[in-house]
Amino acid sequence: GNRLEGATWYKALLALEPQHGSALCRLATVALMEQSTYEARAFLLRAVQCERPSQEAVALMGYVHLLQGNTDKARESLAPVVQGPAEKIRPETRLYWSLVLADGGSEQAAALEPVAGAKT
């Protein structure tokens with residue numbers, strides 16, 4: 001689809017509902033496609049501050065931290081999600097967690113345990 005047109009619709013939705021988590025995540029995704037991690041981070045900061053942030057928002061926030069070179073913040077963002085029930089962890093969350101572990105080195109191998117038993 002047309003990213004810019006979609007972004008326009010999501011921004012219109014945010015004008016009506018400023019804390020719409022899905023719209024914030026979609027706009028963050030568009031920003032990432034345009035290689036604007038700072039814009040993505042701004043949308044995601046709002047998304048994770050919602051009353052019940054989605055796993056998508058939390059996972060994307062971890063990924064943006066990683067892209068910005070902050071492995072510790074990425075780990076902090078993703079750890080609560082990957083420590084939950086394995087069957088509830090989304091594939092993209094597993095991917096971002098794997099990237100954090102790869103970036104963090106072998107000292108983080110033990111942190112992989114919560115997702116090790118998950119079915120892929």
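**Salt bridges, helix packing and a loop residue**

The side chains of Arg-75 and Asp-72 form a salt bridge, with N and O 3.0 Å apart; the term stands for a side-chain nitrogen of Lys or Arg within 4 Å of a carboxyl oxygen of Asp or Glu. This is a predicted model, in which local features need pLDDT of at least 70 and side-chain atom pairs count only at pLDDT 80 or more, while totals for chains, interfaces and linings use all residues. Residues are numbered from 1 along each chain as its sequence is written, and side-chain values use heavy atoms, with hydrogens and water left out.

**Overall make-up**

- The protein chain has seven helices and zero strands; helices (H or I, at least four residues) and strands (E, at least two) are DSSP runs, numbered from the N terminus.
- Read from the N terminus, the order of elements is α-α-α-α-α-α-α.
- The protein chain has 120 residues, of which 38% count as buried. Buried means under 20% relative accessible area, exposed means over 50%, and partly exposed lies in between (1.4 Å probe, protein chains only).
- Of the contacts between residues at least 6 apart in sequence, 46% join residues at least 24 apart; a contact means heavy atoms within 4.5 Å.

**Salt bridges**

- The whole structure contains three salt bridges. Side chains of opposite charge can pair when their charged atoms come close.
- Arg-75 and Asp-72 are three residues apart in helix H5 (residues 71-82), so about one helical turn separates them. Arg-75 is buried at 17% relative accessible area, whereas Asp-72 is partly exposed at 46%.
- Arg-26 pairs with Glu-56, and their closest N and O atoms are 2.0 Å apart.
- Glu-92 forms a salt bridge with Arg-90, the closest N and O atoms being 2.3 Å apart. Glu-92 is partly exposed at 26% relative accessibility, and Arg-90 is partly exposed at 35%.

**Packing of H4 and H5**

- Two packed helices are described by the angle between their axes and the distance between the axes.
- For H4 and H5 the angle is about 160 degrees and the axes are 7 Å apart. That makes H4 roughly antiparallel to H5.
- The axes are lines fitted to C-alpha atoms, for helices over the stretch in contact, and angles run from 0 to 180 degrees between N-to-C directions. Angles under 35 degrees count as roughly parallel, over 145 as roughly antiparallel, 65 to 115 as roughly perpendicular and the rest as oblique.
- On the H4 side, the contact involves Gln-55, Val-58, Ala-59, Met-61, Gly-62, His-65 and Leu-66; on the H5 side, Thr-71, Lys-73, Ala-74, Ser-77, Leu-78 and Val-81.
- The residues of this contact divide into seven nonpolar, five polar and one charged. Here Ala, Val, Leu, Ile, Met, Phe, Trp, Tyr, Cys and Pro count as nonpolar, Asp, Glu, Lys and Arg as charged, and the others, Gly among them, as polar.

**A loop residue**

- Gln-35 sits in the loop between H2 and helix H3 (37-48).
- Phi of Gln-35 is near 60 degrees, a positive value in a residue other than glycine.
- Gln-35 is exposed, at 74% relative accessibility.
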